[in-house]
Amino acid sequence: MSASGGTKAILAALTANAGIAVAKFAGFLFTGSSSMLAESVHSLADTSNQGLLLIGQKTAQRKPTEEHPFGYGRDRYFYSFVVALLLFSLGSVFALYEGIHKVQHPEPLTYAWVAVLILLIAIGLESYSFITAIKESRELKGGLNWWQFVRQAKTPELPVVLLEDLGALVGLGLALCGVGLTVLTGNPVWDGVGTTCIGVLLGVIAVVLIVETKSLLIGEGASREVLAEIVGELERGRVQRVIHIRTQYLGPEELLIAAKIGMTPAMTVTEVAAEIDDAEARIRAKVPAARLIYLEPDLERGRSLTP
């Protein structure tokens, strides 16, 4: 799950959202639709978000320093967290405000066909971005379902882009319904209702992203499956048992492993050192993300801490 994060998907989303934001805002100026205005802000926020994700990928590549000896891999988690906050503040809160305002003070639409045309074009562009993100995610997803992938992925960018694109497509559908019902019924309140629904949708997506990226930002360990592989490789040699082990992702492609291992009695210092080197090599061959491994040899003294 900790492979490089889909730059292609981010660039596809950035290009699509920039064009869509301009088109939607032009549509709002023509029609006065609050749904179009909410969607314009939504697409503008998404465009900024993709830019932040790219910045996070770039800054995470900086080399370790004395102040940050483990490097800057978590920059990608930080910028993904900022994206989630922006999606909530710029997207959800604004849409809710605009929707409630238009429900309380409805205004008639003009040139509604322009809004419908722009929304249909936007659906096409967002679909392209969404399909690109799905293709980029499939290799990392493996046998997980999509919800499990969003919850467990250590690469933050792809879940963010996937949920943003999904939210954009559903939001466009809601905006289309709001404009369509306004035209069919002649009641502009429906436009405000559609805008309010968009705000609720963006709020739900933002909260999910905030929770998941916060978990990565403060530090997540390896999954049960990966941890079992690590322990299995450690215990293949002359290690009697893993007494104590801790893991933490320092970035999507960098896993820190620290373990206390019970060695076979009467081993010489040279033999212990050689066994530790072999164990590290076995782990890295099985789990490529395991770049930092610290093993402390010890003699087992009763029951160990649960890994």
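Against which helix and strands do the buried residues of helix 9 pack? They pack against helix 8 (224–234), strand 1 (239–251), strand 2 (254–263) and strand 3 (292–298), where contact means heavy atoms within 4.5 Å. This is a predicted model, in which local features need pLDDT of at least 70 and side-chain atom pairs count only at pLDDT 80 or more, while totals for chains, interfaces and linings use all residues. Residues are numbered from 1 along each chain as its sequence is written, and side-chain values use heavy atoms, with hydrogens and water left out.

**Helix 9**

- Helix 9 (residues 269–286) has 18 residues and reaches 26 Å from its first C-alpha to its last, close to the 26 Å expected at 1.5 Å a residue; the expected span is 1.5 Å times one less than the number of residues.
- Helices (H or I, at least four residues) and strands (E, at least two) are DSSP runs, numbered from the N terminus.
- V272, E275, I276, A279, E280, R282 and I283 of helix 9 are buried. Buried means under 20% relative accessible area, exposed over 50%, and partly exposed in between (1.4 Å probe, protein chains only).
- Seen down the axis of helix 9, these buried residues fall within an arc of 160 degrees, so they line one face of the helix; the arc is that of the directions from the helix axis to the C-beta atoms.
- The face turned away from the buried side carries the exposed residues T270 and A285.

**Aromatic residues**

- The structure holds three aromatic pairs. Rings of Phe, Tyr and Trp (its six-membered ring) pair if their centres lie within 6.5 Å; planes under 30 degrees apart count as stacked, over 60 as edge-to-face and the rest as tilted.
- One of the pairs joins F78 and Y79 edge-to-face, at 5.3 Å centre to centre and 80 degrees between the planes. F78 is partly exposed at 40%, whereas Y79 is buried at 19%.
- W146 and F149 also form an edge-to-face pair, with 6.0 Å centre to centre and 90 degrees between the planes. Both lie in helix 5 (residues 146–152), three residues apart, about one turn of the helix.
- R62 lies over the face of Y72, at 3.8 Å from the ring centre; the criterion is NZ of Lys or CZ of Arg within 6 Å of the ring centre and within 35 degrees of the ring normal.

**Cysteines**

- The structure holds zero disulfides, a disulfide being a pair of cysteine sulfur atoms within 2.5 Å.
- For C177, the nearest cysteine sulfur is that of C197, 9.1 Å away.
- C177 is partly exposed at 48% relative accessible area, and C197 is partly exposed at 35%.
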